[in-house]
Amino acid sequence: MSESGRVSDKIAELERAMRGIWSDTSEQAKVRAHTLNLVAVSGKRALPSFIPLLDEVSANLSARTVLITVDPTLPPWQMNGNVEAVCRLDPSGSRPTVCADRVELELGVVVTKRAGSIVEALTDARVPSVLYVGPNAHDHVVDALAPSVDRLIFDSVELGVDRAADICSMSAGRIEDLAFLRMHRWCDLVARFFDDPDRRPAAQAIRAIELTHTSGDLPGSSAQTDLLVSWLGSKLGWTHRDEKLLDGSGLAVEVTVRTSERQDVRPGTLDSVRVDAEAAGSRVRGVIQREANPLRAAWTLEVDGAPHATRQFAFPKRPDADMACRAAVAQDASSLAREALEFVKSKTRAA
Amino acid sequence: MATDLAVDPCVAVIFGASGDLARRKLLPGIYNLGRNRLLPPAFGIVGFARRDKSDDEFRAWMKESVEQHSRHKPIDSAVWDDLAQSMVYVQGNFDEPAAYQRLSEKLEQLDEQRGTRGGRVFYLSVPAASVRPIVDNLHAAGLCRAPKSAPEGTYPRVIVEKPFGVDLESARALNRDLLAKLEEKQIFRIDHYLGKETVQNLLVLRFGNTIFEPLWNRDHISHIEITAAEHIGMEGRGKFYEATGLMRDIIQNHALQLLCMVTMEAPISWAADAVRDEKVKTLRALRPIVGHEAARLSTVRAQYTRGVVRGDEVHGYRDEPDVAAESQVETYAALAMHLDNWRWGGVPIYLRAAKRLKKKVTEIALNFRALPHPLFRDVPGAAEQPNALLLRIQPDEGIAMRFATKVPGQTTAIREVAMDFRYGTAFGEESPEAYERLLLDAMRADATLFTRDDEVEAQWTYVDPILAAWRDGEPRLSTYESGSWGPSEAKALLAVEGHRWSKP
């Protein structure tokens, strides 16, 4: 209480600066637009790569961005801040320059728990708020913001699935896990094993899954493997019991996770999936293996030990900014990531 | 409402010229009017206050105030020099007859030197207790009548700040006393909310367009919300609040004015009385909330506790200076109101006002009725009640229309979007301060944006029975955490009808 006034004074200063940008008519005419509040939290070291990504997202979606970092060297009650307008220039000059606000905040450690109150003051309640949990985001800040936003974006490869599941449980809003979005193609390819009506019962009788992911020192290097299993589990009614994974009939599903040392895809990315199932006396094995060209995968299906089908599929190359834009506004399939992460959580509870 | 900006020659006399309002709003407001060439060439300013000051000291003090608080910086020296020549100061107590003689002499001098021709606007920026003595003394000094030298039709105007009484009885007594010395047309009861650009635009939006008014009724509107939220606490006004409370501070005046502007019928003209007649009719159509049960079902009162506001930890109300440890004074009020008239029958109007909420925002939300047939019920993002018209009074003054759109793509998904108009960006210039507009209107003798005696009494007629029930402890005084959106009881107030507060 003795420090009362410091943060709110800074907020008032930022608000004045923001008004100043828009009331300045000396420069080229500009249109102020924002369709959402993009609240991003990141570690300071990640900023050089994170800021360009945010600017691209902000420019594409006309988002008012509030970027938050924590600086442990600041006096604990202090908050530093800065306001800018990020503008998208039309090279032809035929369209007006569209700009959106960008607020950068640097919090002292005590202020982190008040991040919700700070962000509330600097965002526009008339448009949705999206929290983008970036690399090395400070936990206190994320915990303070997650309950009140309309949508959460994070990458469980960066966070680890347990932390991602925790954050997910704090929010009633939409969840978009970038790790999950990136492996959307893998889910699609796994589902194709059971597309044929004759093989659909096999989906209910998966006995084993073997997954490989690229190694790395990120907390969630194995997140995509966890998510893929959890996605299947949440769709097929699997349960965790006594550290075992059981299918809908109570039979065990064996999961094996391996790491791959290949360097040509980002760490923590799926490299292969093998699914073994058995139904009505017939054995089904599906294998997806990333090829030497990391943007292609070989998809094979064996029935009763004999090759049944082989295909090649391409992995779409989607820049991170495109992925983040999609995560910020997509309306479809959001519940899949939440269900998968809740399934992860149920594993922890069962253990 | 006048559209002609021409102002007859006049002198603005500011009682309480050393006070905070004069320093922050009135004197910078006069300067801004001068800068925008809205003051008449024959113009004078007289500062009247208790403190001893020379004319030059008053000018220096005023310059400092303008430099600090004007919305145009730096100040224009040519405008300032012109204005400074017209400024004089009168030292005196408000109940000291001799001071009014000195004032009268100064006014005559200004008439001679500046050509102000007997035009007078007295701004009473003083505590409520000083209003009567000032008017009595103005009357005794002959200043409530225009001097004989003044052109025909000139009459002095007296601008009075709220509170206009503390209840119906005291408001009537004040009106009676003022009207014993002045005519109603001379009294300008100021409610600065009415000077705000967006409030005035409400009338233009409604009655200057054809697309809104056909929808502006019970057939299309499900419910209306009016929010007048502040994030600040007492800011040293604990003693004032203990004697006043939020109902008298905000709801009886500002909030009811907003309600009138948004629900009144179209006046027959923009003449001051035509507009005010409609407002009075609206206030009289408010269904009274009388008795304990009605107060319990239709009102919520609460007091803030400690919490976090705009990143700072703040005290609870009872820990504020000059506030009693067991205080029962409300800092939050919410009302579920009804207008018993043809246009609004059956449409609940929810009004909330408070200190120490999450943010400073004044907003009116007109929520349209639910879809008659929910065709897109199972579509992601679909809402049962997708449409609302949001009128933002402050900050970021503007209007937004919310509606549902299809998200581009092969599947059908719906997203609510808003068509947003903002004053700041649409016109590329700052709106004038409310006080500037109101000062100018008083100088032009246009009372449209000022409150009439019967309007004040109608406001108190509505508020008094609620305050009576509250004094009896109905409903119980609740609490809310500073930095929240208020107590849970306020949610329940709307939930009864299946509604919920919008997030402003």
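Predicted model: local features only at pLDDT ≥ 70, side-chain atom pairs only at ≥ 80, totals over all residues.
**Domains of chains A and B**

Let me begin with chain A, for which the domain assignment gives domain 1, covering 6-149, and domain 2, covering 182-318; such bounds come from an automatic or database domain assignment. The centres of these two domains of chain A, taken over C-alpha atoms, are separated by 39 Å.

Residues are numbered from 1 along each chain as its sequence is written, and chains are lettered from A and ligands numbered from 1 in the order in which they are written. The model has an ipTM of 0.76 and a pTM of 0.85. For chain B, the average pLDDT, the predictor's confidence in each residue from 0 to 100, is 91, and 98% of the residues score at least 70.

Turning to chain B, the assignment gives domain 1 as 10-161 and domain 2 as 195-364 + 435-495, with their C-alpha centres 32 Å apart. Their contact, in which C-beta atoms placed from the backbone lie within 7 Å, takes eleven residues from domain 1 of chain B and seven residues from domain 2 of chain B.

Which elements give two or more residues to the domain 1 side? They are helix 1 (20-35) and strand 5 (157-161) of chain B, where helices (H or I, at least four residues) and strands (E, at least two) are DSSP runs numbered from the N terminus. Helix 1 of chain B provides the largest share of that side, six residues.

Key
Contact = placed C-beta atoms within 7 Å.
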